[in-house]
Amino acid sequence: MVLMMDNKYLIEHINGITRIEFFDKPCYSDAENIIDVIAESYPYDRRLSDFTRIKFDFTIEEIKSIAQYGKTRFIKQNKLAIVAPDNWAYIELHIFQAHRHQKDLSQTRVFRTVKEAEDWLLSNN
C-alpha cells in the first residue's frame with residue numbers, strides 16, 4: 001500500500017485500486033496536481049475518486065478542462081469510478097464522464113456508493 005496524504009485528500013493503493021478520498025473541496029490546481037501524482041507514482045489502471053465527504057463545486061468549464069488534462073496524463077488503458085452521493089455532484093460528474101471518455105482506452109462511470117464503484121472496478125467489463 002502506497003500512501004499520500006494532504007489536508008484535502010488521501011491517496012492510497014489497496015486491493016488493486018488506487019483510491020482518492022477527498023476531505024476538503026479541491027480547487028482546479030489540486031485536481032491537476034492529483035492527476036500528476038497518480039500518473040507518476042501510482043498504478044492508475046483502476047482508480048476510485050470518492051467525493052462522499054465534500055461538496056463538489058467545479059464549474060462546467062473546469063470539469064471539461066480537468067477531463068481533458070487527464071487524457072494527456074493517463075495514456076494507457078484504465079477505469080475510473082467516481083463516487084458522488086450528492087445529486088448535483090452526480091449530475092456534474094456525468095459531464096466529466098462524457099468528456100473523459102476515450103474509446104478503447106479509458107472507461108469512466110459515476111456511482112452513488114463506494115461499494116458499487118468497487119464492484120465495477122474489479123469486474124472484467
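In which loop does Phe23 lie? Phe23 sits between β3 (17–22) and α1 (28–41), where helices (H or I, at least four residues) and strands (E, at least two) are DSSP runs numbered from the N terminus. The model is predicted: local features need pLDDT of at least 70, side-chain atom pairs count only at pLDDT 80 or more, and totals for chains, interfaces and linings use all residues. Residues are numbered from 1 along each chain as its sequence is written, and side-chain values use heavy atoms, with hydrogens and water left out.

**Phe23 and Lys8**
- Phe23 is partly exposed, with a relative accessible area of 31%; buried means under 20%, exposed over 50%, and partly exposed in between (1.4 Å probe, protein chains only).
- The C-alpha atoms of Phe23 and Lys8 are 5.0 Å apart in space, and the two residues are 15 apart in sequence.

**Salt bridges**
- The structure holds eight salt bridges, each a side-chain nitrogen of Lys or Arg within 4 Å of a carboxyl oxygen of Asp or Glu.
- Lys8 pairs with Asp30, with the closest N and O atoms 2.8 Å apart.
- This pair links the loop between β1 (3–5) and β2 (9–14) to helix α1, across 22 residues, and both Lys8 and Asp30 are buried.
- Glu118 forms a salt bridge with Arg19, the closest N and O atoms being 2.6 Å apart.
- Glu118 belongs to helix α4 (residues 114–122) and Arg19 to strand β3, 99 residues apart.
- Arg19 counts as buried at 16% relative accessibility.

**Network of salt bridges**
- Asp36, Glu40 and Arg73 are linked in a network of salt bridges.
- Arg73 is partly exposed at 24% relative accessibility, whereas Glu40 is exposed at 61%.
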